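Here are my notes on the model you sent.

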Amino acid sequence: MSEHMSVSRATFDEVMVPNYNPAAIIPVRGLGTRVWDQQGKEYVDFAGGIAVNVLGHCHPALVSALKEQGEKLWHLSNTMTNEPALRLAKKLTDATFADRVYFANSGAEANEAAFKLARRYALDHHGEGKDQIIAFNKSFHGRTFFTVTVGGQAAYSDGFGPKPGAIDHLDFNDLAALEALMSDKTCAVVMEPMQGEGGIIPADQAFIEGVRALCDKHNALLIFDEVQTGVGRTGHLYAYQKYGVTPDILTSAKSLGGGFPIGAMLTTAAIAASLKVGTHGSTYGGNPLACAVAEAALDVVNTPAVLDGVKQREAWFREHLDAINAKYKVFKEVRGMGMLLGAVLSDDFKGRARDFLNAAVDEQLMVLVAGMDVVRFAPSLVISEEDIKEGMARFERAVAKVVGA
């Protein structure tokens with residue numbers, strides 16, 4: 001067995017590309033909602049690896065699926081198929097509007113496939129010229145050059161040369177602006193049912209229904225990016241089910257693998273037909289290891305006990321945040337659904353979300369931000385009431401520090 005070399009945070013600066021600036025601590029072990037660092041310090045995890053660790057750390061069902069599959073088959077190219085991929089695809093189609101699934105390794109890749117499919121479908125059915133993709137300001141759809149350009153944060157796509165064209169952006173929840181921009185040239189409208197990176201902003205019910213109607217009117221496809229909202233996070237398997245509005249294409253990743261990298265694009269048989277043999281692909285997409293773990297995660301999450309439990313946990317989170325806010329007056333509101341919540345900072349603390357995150361780490365709590373003005377929480381869907389209480393006690397100490405500073 002290879003000997004483990006000793007590494008520290010300083011090693012990152014010596015060997016890694018500097019596009020990240022990770023915390024000083026290095027976590028080495030996790031169990032449930034607790035994480036321990038190199039020094040043996042224990043943290044409560046309200047971040048969930050950015051809405052990924054849907055069942056916490058080292059959930060027995062996921063560990064067992066990984067070990068079992070790891071002794072059978074790790075990888076095949078897509079010149080062959082495999083049982084875990086087929087089982088997972090069947091369970092996803094049984095549980096959603098979709099008839100067909102394409103597997104990838106990440107949310108960005110799932111979105112890349114969705115956008116390519118939308119363009120190809122428009123070409124197949126309507127000919128040249130129907131290629132406009134409309135997305136929303138502050139949206140986030142991944143970091144490939146196509147997906148980051150569709151995303152509504154120009155700072156992420158600027159500075160890399162000419163961008164893919166025929167992509168337009170509008171304000172989220174502004175139906176009138178969308179109506180004015182849409183035409184028969186529109187091939188797709190892309191949206192998160194609830195913007196994640198953009199600040200935990202749910203779509204208004206009337207807006208999401210209006211977008212669907214406009215897409216129908218202009219023969220445009222409606223793409224829901226559910227990379228962050230999917231797999232139980234809102235208390236429904238997918239957020240579209242909560243709204244009662246069905247997309248034409250849906251993308252999923254993050255929570256889908258419970259921590260193992262996997263992405264999926266879901267669509268109907270009629271639309272899927274445009275990705276005929278050779279039009280798109282992925283070497284690792286649908287590999288047996290990822291699909292076996294994702295199947296185990298889906299089996300646990302897609303149950304009334306877990307999905308209803310998410311709604312209960314949201315209520316507990318909101319109670320604690322309201323109590324903290326009554327004392328310290330730091331939040332304007334708490335937005336979001338289920339275990340994807342954003343505490344929006346009041347004007348006195350505008351732009352200081354990272355100060356709250358850093359203070360939380362000092363108090364041995366992991367949280368996230370969504371922009372500069374929102375503290376984001378995306379913990380395990382099965383986090384215990386006790387862990388919520390303990391994490392919130394730590395968060396209150398962090399808030400008190402920031403307020404006192």
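1. The second largest pocket has a volume of about 600 Å³. Bear in mind that this is a predicted model.

2. Its lining comprises 25 residues. Nearest the centre of the second largest pocket are Asn 78, Val 101, Tyr 102, Phe 103 and Gly 285. Helix H4 (83-95), strand E4 (100-104) and strand E12 (263-267) are the elements that give two or more residues to this lining. E4 supplies the largest share, four residues. By type, the lining of the second largest pocket holds twelve nonpolar, eleven polar and two charged residues.

3. Next, strand E3 (residues 42-45). Glu 42 and Val 44 point one way from E3, while Tyr 43 and Asp 45 point the other way. All are buried.

4. Which strands does E3 pair with? Strand E2 (residues 34-37) runs antiparallel to E3, joined by three bridges. Strand E15 (residues 365-366) pairs with E3 in the parallel sense, over two bridges.

5. The hairpin of E2 and E3 has four residues between the strands. In this hairpin, Gly 40 takes a positive phi near 85°.

6. Last, Ala 61, in helix H3 (residues 60-70). Is Ala 61 exposed or only partly exposed? Its relative accessibility is 28%, so Ala 61 counts as partly exposed. Leaving aside residues up to four places away in sequence, Ala 61 touches Ala 296 and Val 300. Arg 335 is 274 residues from Ala 61 along the chain, and their C-alpha atoms are separated by 31 Å.

Terms used. Residues are numbered from 1 along each chain as its sequence is written. This is a predicted model: local features need pLDDT of at least 70, side-chain atom pairs count only at pLDDT 80 or more; totals for chains, interfaces and linings use all residues. Side-chain values use heavy atoms; hydrogens and water are left out. Buried means under 20% relative accessible area, exposed over 50%, partly exposed in between (1.4 Å probe, protein chains only). Contact means heavy atoms within 4.5 Å. On a 1 Å grid over the protein atoms alone, a cavity is a set of points where a 1.4 Å probe fits but cannot get out, and a pocket is an open set with protein on both sides within 12 Å along at least five of seven lines; lining residues have an atom within 4 Å of a point. Grid points are joined across faces, edges and corners, and a volume is the space filled by probe spheres set on the points. Ala, Val, Leu, Ile, Met, Phe, Trp, Tyr, Cys and Pro count as nonpolar, Asp, Glu, Lys and Arg as charged, and the others, Gly among them, as polar. Two strands pair if DSSP finds at least two bridges between them.
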